[in-house]
Amino acid sequence: MPTIQQYFEFAQLAQASYALLESGLDESALKAKGGFSTLQATDFRSSYTLLSHQPDTLFNGDFSASVFQSNATGEYTLAIRGTAGILGDIAGADLFGIAAQGVAREQAVSLYRYYKELTTAAGQAVTYSNAELLMLAGLKSGSYDPLTTSAAYLELLASTSFDKGLGVLPAGAKINVAGHSLGGHLAMLFTKMFPDAVNHVYTYNGAGLGGAAAEILDIAGFSGSTPNANVSNIVADQGWDVTAGVGFVVGSTQRVFIEGSLNPIHNHSIVNLTDSLAIYALFAQIDPSLNTGTLGTITAILEASSNIA
């Protein structure tokens, strides 16, 4: 079972996925787009090494992710960003793509391709089986019917021929995956796509899976799954949360206190959830008997001290 400290640490990784890291693990980038404080950014840069950053482009469906390696443990974490535009995140990929179709389609395909690039030797052409291309075409079109996926299949056949390996992750490496909102949804989807690669998945206010997505993956032969014990979903307990609860979730869900607001975007924010988990982690340091099984004890204290009844 993860610790409260790990809930906090991986929330920071999910938050860092919002930073524009094309120039490296830059403190100003963590502060500008990641919402980090100066002290938080300095500590994060000393704790992790950035191994890869995939910025969003016109061609990858607004998908962005980064791979970090812990300087303390050597563990790898794939941190997947939610959609850059908040309104796009709420009204587009999250609610329509996930609730109506079961998956954020373009981002799901980009996630799969990015992981294949991460695990292929640097500079080497990424190879896809026919089953993989059919599965990706199904996700892209929203159907596994050959009559409706043929155009998507041919498009993928052409575009994936340019995919080159990055050589970032060693063969057989178990990784952690973290994501907020849409990123949490994609992290959950990763457990279906690459179950053998998962060490642990952490989602924060993440939307679930559902609709055609699970059926397409099963029909295409991607029916494996990550044990529920290896997936932790953390959800803000205050106010109307925007995406958490959409679809079915893999793993367990823990609700944590945040200082609620009438603004639903505030309640959905990874920054506020991370800040709250920092307080939870501090309580756990003061009293080591507190753990993820006793979050309610800390929640009760925070609720009692809140200025909102």
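Trainee: Let's begin with S66. Which element does S66 lie in?

Mentor: S66 is part of strand β2. One thing to keep in mind as we go: this is a predicted model.

Trainee: Is S66 buried or exposed, and how do I decide?

Mentor: You look at the relative accessible area, and anything under 20% is called buried. S66 has a relative accessibility of 0%, so it counts as buried.

Trainee: Which residues does S66 touch, leaving out those up to four places away in sequence?

Mentor: Among them are L21, L50, S52 and H53, and also T77, L78, A79 and Y114. With H53 there's a polar contact as well: the two side chains are joined at 2.8 Å.

Trainee: On to strands. How does β2 pair with β3, parallel or antiparallel?

Mentor: Antiparallel. Strand β2, residues 65–70, is paired with β3 over five bridges. To see the pairing residue by residue, find V67 and look across to L78 in β3.

Trainee: What do β2 and β3 form, and how many residues sit between them?

Mentor: They form a hairpin, with five residues between them. Check G74 in the turn: its phi is positive, at about 80°.

Trainee: And which way does β4 run relative to β3, parallel or antiparallel?

Mentor: Parallel this time. Strand β4, residues 175–180, is joined to β3 by five bridges. Here L78 has V177 of β4 opposite it.

Trainee: Why would I call β3 largely enclosed?

Mentor: Count the buried residues. In β3, residues 76–80, five of the five are buried, so the rest of the structure largely encloses this strand. Then check each face: Y76, L78 and I80 are on one side, T77 and A79 on the other, and both faces are covered.

Trainee: How do I do that for a helix? Which residues of α3 are buried?

Mentor: In α3, which spans residues 38–47, the buried residues include Q40, A41 and F44. Now look down the helix axis: the buried residues of α3 fall within an arc of 95°, so they line one face of the helix.

Trainee: What covers the buried residues of α3?

Mentor: The cover includes helices α1 (4–16), α2 (27–32) and α11 (270–286), along with strands β1 and β2.

Trainee: Salt bridges next. How many does the structure hold?

Mentor: Seven. Let's take D56 and R81, whose closest N and O atoms are 3.1 Å apart. D56 is in the loop between β1 (48–54) and β2, R81 is in the loop between β3 and α4 (86–100), and the pair links parts of the chain 25 residues apart. D62 joins D56 and R81 in a network of salt bridges.

Trainee: Are D56 and R81 buried or partly exposed?

Mentor: One of each. D56 has a relative accessible area of 30%, so it's partly exposed. R81 is at 5%, so it counts as buried.

Trainee: Where is D163, and what does it pair with?

Mentor: D163 sits in the loop between α7 (146–159) and β4, while R113 is in helix α5 (residues 105–118), so this pair ties together parts 50 residues apart in sequence. Their closest N and O atoms are 2.8 Å apart in the salt bridge. D163 also has a polar contact of 2.7 Å with the side chain of Y128. Its relative accessibility is 6%, so D163 counts as buried.

Trainee: Which salt bridge does E132 form?

Mentor: E132 meets K116, at 3.1 Å from N to O. E132 is in helix α6 (residues 130–141) and K116 in helix α5, 16 residues apart. Both residues are buried.

Trainee: Last one: what's the average pLDDT of the protein?

Mentor: It's 85, and 81% of the residues score at least 70. Residues 86–96 are below 50, though that stretch has 29 contacts in the model beyond near neighbours in sequence.

Definitions and conventions: Residues are numbered from 1 along each chain as its sequence is written. Side-chain values use heavy atoms; hydrogens and water are left out. pLDDT is the predictor's confidence in each residue, from 0 to 100. Contact means heavy atoms within 4.5 Å. Buried means under 20% relative accessible area, exposed over 50%, partly exposed in between (1.4 Å probe, protein chains only). Helices (H or I, at least four residues) and strands (E, at least two) are DSSP runs, numbered from the N terminus. Two strands pair if DSSP finds at least two bridges between them. A salt bridge is a side-chain nitrogen of Lys or Arg within 4 Å of a carboxyl oxygen of Asp or Glu. A polar contact is a pair of N or O atoms within 3.5 Å; within protein, one must be able to donate a hydrogen and the other to accept it, and residues adjacent in sequence count only if both atoms are side-chain atoms. The arc is that of the directions from the helix axis to the C-beta atoms.
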